Amino acid sequence: MFQERILVIEDDVQIQNFMLYTLENAGFSTEGAARGQDGINAMVRCNADLVLLDLGLPDMDGMAVLQQLRTWSEVPIIVVSARDQDKEKAAALDAGADDYLTKPFSATELMARIRVALRHYYRMNHGSDAPHREPGVYVNGALKLDNDAHLVYKDGKEIHLSPLEYNLLLLFMQNPGKVLTYRVILHRVWGDGYGEDTQVLRSVMASTRRKIEKNPAKPEYIQTEIGVGYRMKEQG
């Protein structure tokens, strides 16, 4: 039976043991490393399906480990760190992390983040584990985006979006559960010229929410990650 392997790069013995125990109980195969270089070597050896990476490692900064891994691996990397500043989170996500989990955290939260990251990775790279996915069609809860026809529906009724609103929603529909930083969104939707101009993003986000959310002040679909960016919540 195939077991997904998760690599835990964490120098705190108690936290590493907690994560390894939680993962093994959930049916994953695991590998642990307490130093950055050991983690890189373990990734080369075991080719894990997902990496949990602490930023505060004894031999090298976790950001350097992240950057090295991203030069040759596309598997999900979830940063696990006591650093809770928004700039740290945004920097890790911009460098290629798929998510950011701040210590302390529960086993339930850890497993939820892992499942979302793995599901998104398989959908984007293998086309599997996507029962609601058709060529050019994305479905999340009551929202349906038909990219071939360039149409958006909510509860079966067509809703009209501007080109910017459409491209913004498409980006999130393609990346459910994944935190997208302001910089990534601006680059993907507006292009390089907008840099750090988050005001234009907030304006289009507000108008998009008015069209897709029941209550734009309490969004169910595109949720704000304060100081970092936005995340599309997967609906049942």
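Lys-144 stands opposite Tyr-153 in strand 8. Strands here are DSSP runs of E with at least two residues, while helices are runs of H or I with at least four residues, and both are numbered from the N terminus. Two strands pair if DSSP finds at least two bridges between them. Strand 7 (residues 143-146) and strand 8 (residues 151-154) pair in the antiparallel sense over four bridges.

A word on the source: this is a predicted model, where local features need pLDDT of at least 70, side-chain atom pairs count only at pLDDT 80 or more, and totals for chains, interfaces and linings use all residues. Residues are numbered from 1 along each chain as its sequence is written, and side-chain values use heavy atoms, with hydrogens and water left out.

| Strand | Partner | Sense | Bridges |
|---|---|---|---|
| Strand 10 (residues 179-181) | Strand 12 (residues 229-232) | antiparallel | three bridges |
| Strand 11 (residues 222-225) | Strand 12 | antiparallel | four bridges |

Val-179 has Arg-231 as its bridge partner in strand 12, and Thr-224 stands opposite Tyr-230 in that strand. The hairpin of strand 11 and strand 12 has three residues between the strands, and there Gly-227 takes a positive phi near 75°.

Is Asp-54 buried or exposed? Asp-54 counts as buried because its relative accessibility is 4%; the cut-offs are under 20% relative accessible area for buried, over 50% for exposed and partly exposed in between, with a 1.4 Å probe and protein chains only.

The side chains of Asp-54 and Lys-103 are joined by a polar contact of 3.4 Å. That term means a pair of N or O atoms within 3.5 Å; within protein, one must be able to donate a hydrogen and the other to accept it, and residues adjacent in sequence count only if both atoms are side-chain atoms. A polar atom of the Asp-54 side chain also lies 3.4 Å from the backbone nitrogen of Gly-56. Leaving aside neighbours within four places in sequence, Asp-54 is in contact (heavy atoms within 4.5 Å) with residues including Ile-9, Glu-10, Gly-62 and Val-80.
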